[in-house]
Amino acid sequence: KAARHRERLYALCRDAGRYYYDTLWRPENRTAQQYFINRGLSRRTMNRFGLGYAPDSFHALIDAMTAKGYTREELMDAGLVSRSEKGHIYDRFRNRVMFPIIDVRGNVIGFGGRVMDGSEPKYLNSPESMIFNKRKNLFALNAAKKTKMEMLVLTEGYMDTISMHQYGFDCAVASLGTALTQEQAGMLAKYTKQMVLCYDGDQAGQNAAKRAIGILEKTGMSVRV
């Protein structure tokens with residue numbers, strides 16, 4: 001029964017990803033398209049990463065997914081909806097550009113959503129679920145594991161990673177809104193002996209890099225910054 005439930009959640013996340021992707025390209029969502037274009041992404045790159053847009057609505061995704069036969073419980077278990085204090089469920093991601101998170105087997109397991117204005121929180125990620133464990137997955141590793149380069153590059157975020165892929169560094173990955181974990185380092189070590197850290201130059205970035213070096217070296221990889 002658990003295996004069946006897991007399959008349903010994978011299917012639901014895949015369908016939600018398609019829904020966000022289709023929504024991005026609706027004419028009324030130019031602002032969301034422009035958000036990515038202004039950051040230098042080509043249409044081809046946006047397609048390759050399945051980038052999308054969650055509309056400014058409390059129930060658009062719920063309506064679209066229940067119409068496909070998914071239950072509210074499944075939406076809850078996949079982390080796509082939240083529950084209000086009164087017990088009503090509503091779309092977790094609203095008016096955000098969407099980054100699907102895909103595991104190494106190619107399953108959509110969660111999402112990162114970013115606001116397009118200055119509101120908080122800037123990034124909202126899917127909560128942990130039966131299929132999404134942020135300590136044990138890395139953004140874009142499903143693509144980067146196929147690189148012909150002799151290294152993998154670890155960046156601070158989704159946009160950095162996607163931009164690097166667009167410009168030929170198809171070896172870039174990012175941790176999922178958390179500091180690098182030992183589990184993630186272990187995954188990286190399966191695919192490369194050589195890690196390059198490409199974090200922001202600010203104090204936070206430098207501190208994160210120092211921490212990451214120790215974690216990566218424990219797996220026997222050589223690390224450069």
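This report describes a group of paired strands and a charged surface patch in a predicted model.

## Strands S4 and S5

Strand S4 covers residues 96-102, and its pairing with S5 is antiparallel, with seven bridges. Two facing pairs can be named here: Ile 101 lies opposite Gly 110 of S5, and Phe 99 lies opposite Gly 112 of S5. The two strands make a hairpin, with five residues separating S4 from S5. In the turn, Gly 106 has a positive phi of about 90°.

Strand S5 (residues 108-115) is largely enclosed by the rest of the structure, because eight of its eight residues are buried. S4 is also largely enclosed by the rest of the structure, since six of its seven residues are buried.

## A negative patch on the surface

Which residues gather in a patch of negative charge on the surface? They are Glu 156, Asp 160, Asp 200 and Asp 202.

One of these residues, Asp 160, belongs to helix H7, which spans residues 158-166. Asp 160 has a relative accessibility of 33%, so it counts as partly exposed; the cut-offs for that class are 20% and 50%.

Definitions and conventions: Residues are numbered from 1 along each chain as its sequence is written. This is a predicted model: local features need pLDDT of at least 70, side-chain atom pairs count only at pLDDT 80 or more; totals for chains, interfaces and linings use all residues. Side-chain values use heavy atoms; hydrogens and water are left out. Patches are made of residues with over 30% relative accessible area and no salt bridge: like charges are joined within 9 Å, nonpolar side chains (Val, Leu, Ile, Met, Phe, Trp, Tyr) within 5 Å. Accessible areas come from the Shrake-Rupley method with a 1.4 Å probe; for residues, only the protein chains shown count as cover. A salt bridge is a side-chain nitrogen of Lys or Arg within 4 Å of a carboxyl oxygen of Asp or Glu. Lys and Arg count as positive and Asp and Glu as negative; His and the chain ends are not counted. The place of a charge is taken as NZ of Lys, CZ of Arg, CG of Asp or CD of Glu. Helices (H or I, at least four residues) and strands (E, at least two) are DSSP runs, numbered from the N terminus. Buried means under 20% relative accessible area, exposed over 50%, partly exposed in between (1.4 Å probe, protein chains only). Two strands pair if DSSP finds at least two bridges between them.
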